[in-house]
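Biologist: I'd like to learn how to read a model like this one, feature by feature. Could you walk me through it?

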Amino acid sequence: MNAQGKYPPGTSTWPFNFKFNLTEDMYAQGERVHFHARYLLYKLLTTSGIQFKKREEEGIETQYFSELLMSLGVVLCEGVKWLSFHSGYDFDYLIKIFTNSNFPEKELDFFEILLFFPDIDVKYLMNSCKSLKGILQEVAEQLQLERLGPQHQAGSNSLLTGMA
C-alpha cells in the first residue's frame, strides 16, 4: 500500500509457510507452552486452515528464507518500514531467523536489535484512538473493513493490518 492508501495491481501480500514441527517448535519465551494452551492454539489454527503436516513436509526452511530476504535488500534498508499488529513475537521470530540464534537474554539487547526494523505497529497506534480496541478482526469491524481470506492466515491478516 502506498502513502495514499492505494494497493498495487494484483496480489499485494504473500504468506510464506515455514517448515514447522508441532512437537519441536511449539515454544513461547523459551518455555514449552502448557499442554491445554497448545491444544487450544492447535484447534484454532487447524480450524483456520493451517495444515501442520504439510508445513512440516513442504514448508520453507527459515534459514533459506532469511538469506533470500536479506539478499533482496529488504532487511537493514533505510527506506523499508515494517507494518504489524501487536508484533512482539513476530519480531522475536524474525530476529531469530535473521541471526540464526535465540532471542536475546536481556530486554535492552532486543530493543537495540529492533532499531534495525523500523516498525509501525497498528495495535500500538490504537492507544491514541480511544474508540478503537480489541483484536485485529474487531478493529476491522469497527473500521468497516472487509477481510479477504480466512482469519489467522498470514496473508489475510497482513492485508487487513495494512487497511487498518
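Biologist: Let's start with Y124: is Y124 buried or exposed?

Modeller: A quick word on the ground rules. This is a predicted model, so local features need pLDDT of at least 70 and side-chain atom pairs count only at pLDDT 80 or more, while totals for chains, interfaces and linings use all residues. Residues are numbered from 1 along each chain as its sequence is written, and side-chain values use heavy atoms, with hydrogens and water left out. Buried means under 20% relative accessible area, exposed over 50%, and partly exposed in between (1.4 Å probe, protein chains only). Y124 has 62%, so Y124 is exposed.

Biologist: Which residues form a nonpolar patch on the surface?

Modeller: A patch takes residues with over 30% relative accessible area and no salt bridge; like charges are joined within 9 Å, nonpolar side chains (Val, Leu, Ile, Met, Phe, Trp, Tyr) within 5 Å. Here L83, I120, Y124 and L125 make one, together showing about 420 Å² of accessible area (Shrake-Rupley method, 1.4 Å probe, only the protein chains shown counting as cover for residues).

Biologist: And inside, which residues make up the largest nonpolar core?

Modeller: In soluble globular proteins, nonpolar side chains tend to be buried together. A nonpolar core is a set of buried Ala, Val, Leu, Ile, Met, Phe, Trp, Tyr and Cys residues joined through side-chain atoms within 4.5 Å. The largest has 12 residues: F18, F65, L69, V75, W82, F91, L94, I95, I97, F98, F110 and F117. Helix α5 (88-99) gives the most to this core, five residues (helices are DSSP runs of H or I, at least four residues, and strands are E runs of at least two, numbered from the N terminus). Another core, of eight residues, lies apart from it and includes F85, M126, A140 and L160.

Biologist: How many salt bridges does a search of the whole structure find?

Modeller: Side chains of opposite charge can pair when their charged atoms come close. The cut-off is a Lys or Arg side-chain nitrogen within 4 Å of a carboxyl oxygen of Asp or Glu. The search finds one: K53 meets E57 at 3.6 Å, N to O. Both sit in helix α3, four residues apart, about one turn of the helix.

Biologist: What does Q137 pair with through a polar contact?

Modeller: Such a contact is a pair of N or O atoms within 3.5 Å; within protein, one must be able to donate a hydrogen and the other to accept it, and residues adjacent in sequence count only if both atoms are side-chain atoms. The side chain of Q137 joins that of R147 at 2.7 Å. Q137 belongs to helix α8 (residues 136-142) and, at 15% relative accessible area, is buried.
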